[in-house]
Amino acid sequence: MRLATGSAADLLELADGAFAGERDPWANAANAAALVFETLPELNWAGFYFLRGGGLVVGPFQGRIACVRIPLGQGVCGTAAAKRATLIVPDVHAFPGHIACDAASNSEIVVPLVADGRLVGVLDLDSPRPGRFGADDAKLLEALAAKIVAASDWRLAGIDGF
């Protein structure tokens, strides 16, 4: 794992502290985005899209301005959401249907957030470095996503289906 400081376990422990006693998904996502952006190297965007109005709508994030709405099944985020599977894209410019929110992004990883069997959103990280993300990143971010899902009361978020 390529953490700026500490280890993957440190990131997850910091997340536990950030989520302790907090059930609001927006607050937890905001802290998670900041934590990821400050901890993982070589990122230019870290944040969330949530399922609202039948598509993904930008939520808390760190980095450059973002696309506001992404249809399910489109782009990296929409594809990962529709498949409910983590998607690692070493070269976003080679991804069919890539939605270019930031021209500086060259690689991306997207992890779906599923609560009570329902898609609630995705965790999305972009990097200016091609091939930045790998299997270790996927495991770490899936563990972080599981912590956010478990810590949050999704009825508070205005997510479709809750």
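Okay, hi everyone. Quick ground rules: this is a predicted model, where local features need pLDDT of at least 70, side-chain atom pairs count only at pLDDT 80 or more, and totals for chains, interfaces and linings use all residues. Residues are numbered from 1 along each chain as its sequence is written, and side-chain values use heavy atoms, with hydrogens and water left out.

Let's start with Asp-160. You'll find it in the segment after α4 (135-151). When I say helix or strand, I mean DSSP runs, numbered from the N terminus: H or I with at least four residues for helices, E with at least two for strands.

The cut-offs are under 20% for buried and over 50% for exposed, with partly exposed in between, using a 1.4 Å probe and protein chains only.

What does Asp-160 touch? Leaving out residues up to four places away in sequence, its contacts (heavy atoms within 4.5 Å) are Leu-51, Arg-52, Gly-53 and Gly-54. Zoom in on the two glycines. The Asp-160 side chain reaches the backbone nitrogen of Gly-53 at 3.0 Å, and that of Gly-54 at 2.7 Å. Also, Arg-118 sits 42 residues from Asp-160 in sequence, with 9.1 Å between their C-alphas.

Next up, helix α3, residues 75-83. Seven of its nine residues are buried, so mostly it's covered. Those buried ones are Gly-75, Val-76, Cys-77, Gly-78, Thr-79, Ala-80 and Ala-81. And what covers them? The cover includes strands β1 (45-52), β2 (55-63), β3 (69-71), β4 (87-89), β5 (107-115) and β6 (118-127). Just past the helix, Arg-84 takes a positive phi of about 55 degrees.

A cavity here is a set of points, on a 1 Å grid over the protein atoms alone, where a 1.4 Å probe fits but cannot get out; lining residues have an atom within 4 Å of a point. How many cavities of 30 Å³ or more are there? The count is one. The largest cavity holds about 180 Å³, volume being the space filled by probe spheres set on the points, which are joined across faces, edges and corners. It has 17 lining residues, and Ile-99, Cys-101, Glu-108, Asp-124 and Asp-126 are the closest to its centre. β1, α3 and β6 each give two or more residues to that lining, and α3 has the largest share, three residues.

That's it, thanks!

Note on methods
A polar contact is a pair of N or O atoms within 3.5 Å; within protein, one must be able to donate a hydrogen and the other to accept it, and residues adjacent in sequence count only if both atoms are side-chain atoms. On a 1 Å grid over the protein atoms alone, a cavity is a set of points where a 1.4 Å probe fits but cannot get out, and a pocket is an open set with protein on both sides within 12 Å along at least five of seven lines; lining residues have an atom within 4 Å of a point.
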